[in-house]
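My entries follow in the order I made them.

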Amino acid sequence: MAGEETIALRAPGEHRAERSYMRFYSSWFCPCAQRTWVCLEYLAEAGFLDYNYIAIDPYVPGENGSYTKTPLSLAEKAQKFPDFVAASPRGLVPALADTSSGGENVVNDSLVCCEYLADLYPQAGLMPPSPADRAKVRMFWEHCASQVIPHFYKMLMFKGDQREQARLDFLSGMSIANAKMQAVSPQGGMFLGGNRFSLGDMALGPWMQRIPIVLGPYRGFELPRTEEFARLHQWFSVLNSFPCFARCLVDTERLTLNYIGYADGSATSEVARDWVGVGNKAKGSGSPEDTSKGNSKASVKSADEALWQAAWLPGGWCAQEVRGMGPGAVK
């Protein structure tokens, strides 16, 4: 089953919305959201839960149905998707709204969403029982988040020498990831070894999947099939055999096209700003976008931040929706 079919199956139909107590706010192309999506499919397959997939399109539509990576403002998102912004006050996917306990618990950020599901269903084994093994999962997640994933996007958005440096940094981060996984599970298989699906596999899985789909077509990049990366290749072949992972991959040609905004340097998404630094470098420095457009982007971001902060003031809509969770808890 392809990702499009899974989305249609999980859509909140007239009766399904009353049956599913877990709402999942996601965008089909987002690898961060895919982490949580795969975990939800894994739990649904095992009979632990049912969930609704709520599709969020956070970007300004392009001409003739083309894709952009120009985000809607937070105010626009709040008007278009009010329940989503109540669950994710910065307007970023993924987010969960869980009514299983009677009230409504809202959760956002991919790692937090995944750990929430692991804590909700500990018997599913998304996180291992040993504190030492749990720490290994979290350390691998942190390594991928800081030393691998940013360079994936820099390879797409940077030019010249900066792109080559991003390629080298990506390879370095992947080499260390290979060594870390080998140390955790030298017997092979999934991150924790064998067929033990866990959050460790979601630290890197969606981006490993996108190497041939995105970095291949746009940058001619392949992860070398050498001993340095052998454990990663072996792991990914096992991960691909899991139905929950396969059910969360949309049409690959469609996914390739969706990344054109990163490949041509026009993206102004949170990823582009926070991981790649669009608009933060002087013109001519090799940045994918010059600073002549920076003032308008800064004003939009400032307006968005002001709206987000206002939501958390006493009486704000998010302060009313989410008790006991301050602004500092939202990434």
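**Entry 1: backbone**

In which loop does P94 lie? I find P94 in the loop between α5 (82-87) and β3 (95-98). I number helices (H or I, at least four residues) and strands (E, at least two) as DSSP runs from the N terminus.

Before going on I note the ground rules: this is a predicted model, local features need pLDDT of at least 70, side-chain atom pairs count only at pLDDT 80 or more, and totals for chains, interfaces and linings use all residues. Residues are numbered from 1 along each chain as its sequence is written, and side-chain values use heavy atoms, with hydrogens and water left out.

I looked up the peptide bond between V93 and P94: it is cis, with omega about 5 degrees. I then turned to N64, which has a positive phi of about 55 degrees although it is not a glycine. N64 sits in the loop between β2 (51-55) and α4 (74-80).

**Entry 2: α8 and its partners**

I took α8 (residues 149-157) against α11 (residues 205-219): their axes come within 10 Å and cross at roughly 15 degrees. Axes are lines fitted to C-alpha atoms, for helices over the stretch in contact, and angles run from 0 to 180 degrees between N-to-C directions. The angle therefore makes α8 roughly parallel to α11. For this term I use angles under 35 degrees as roughly parallel, over 145 as roughly antiparallel, 65 to 115 as roughly perpendicular and the rest as oblique.

The α8 and α11 crossing is left-handed, that is, the near helix is turned anticlockwise from the far one by less than a right angle; clockwise would be right-handed. From α8, I149, F152, Y153, M155 and L156 meet W207, R210, I211, V214, L215, Y218 and R219 of α11, where contact means heavy atoms within 4.5 Å. By class I list ten nonpolar, no polar and two charged residues in the contact of α8 with α11. Ala, Val, Leu, Ile, Met, Phe, Trp, Tyr, Cys and Pro count as nonpolar, Asp, Glu, Lys and Arg as charged, and the others, Gly among them, as polar.

Next I took α9 (residues 160-184), whose axis comes within 8 Å of that of α8, with a crossing of roughly 155 degrees. α8 is therefore roughly antiparallel to α9. This crossing of α8 and α9 is left-handed. H151, F152, K154, M155 and L156 of α8 meet R163, A166, R167, D169 and F170 of α9. I count five nonpolar, one polar and four charged residues there.

**Entry 3: α3 on α11**

The axes of α3 and α11 are 8 Å apart, at an angle of about 125 degrees. α3 is therefore oblique to α11. The α3 and α11 crossing is right-handed. P31, C32, Q34 and R35 of α3 touch P206, W207, Q209 and R210 of α11.

**Entry 4: largest pocket**

How many residues line the largest pocket? I get 33, with C32, L92, V93, V271 and W275 nearest its centre. By class the lining has 20 nonpolar, five polar and eight charged residues. α16 gives the most to this lining, with four residues.

Conventions
1 Å grid on protein atoms, 1.4 Å probe; cavity = no way out; pocket = protein on both sides within 12 Å on 5 of 7 lines; lining within 4 Å.
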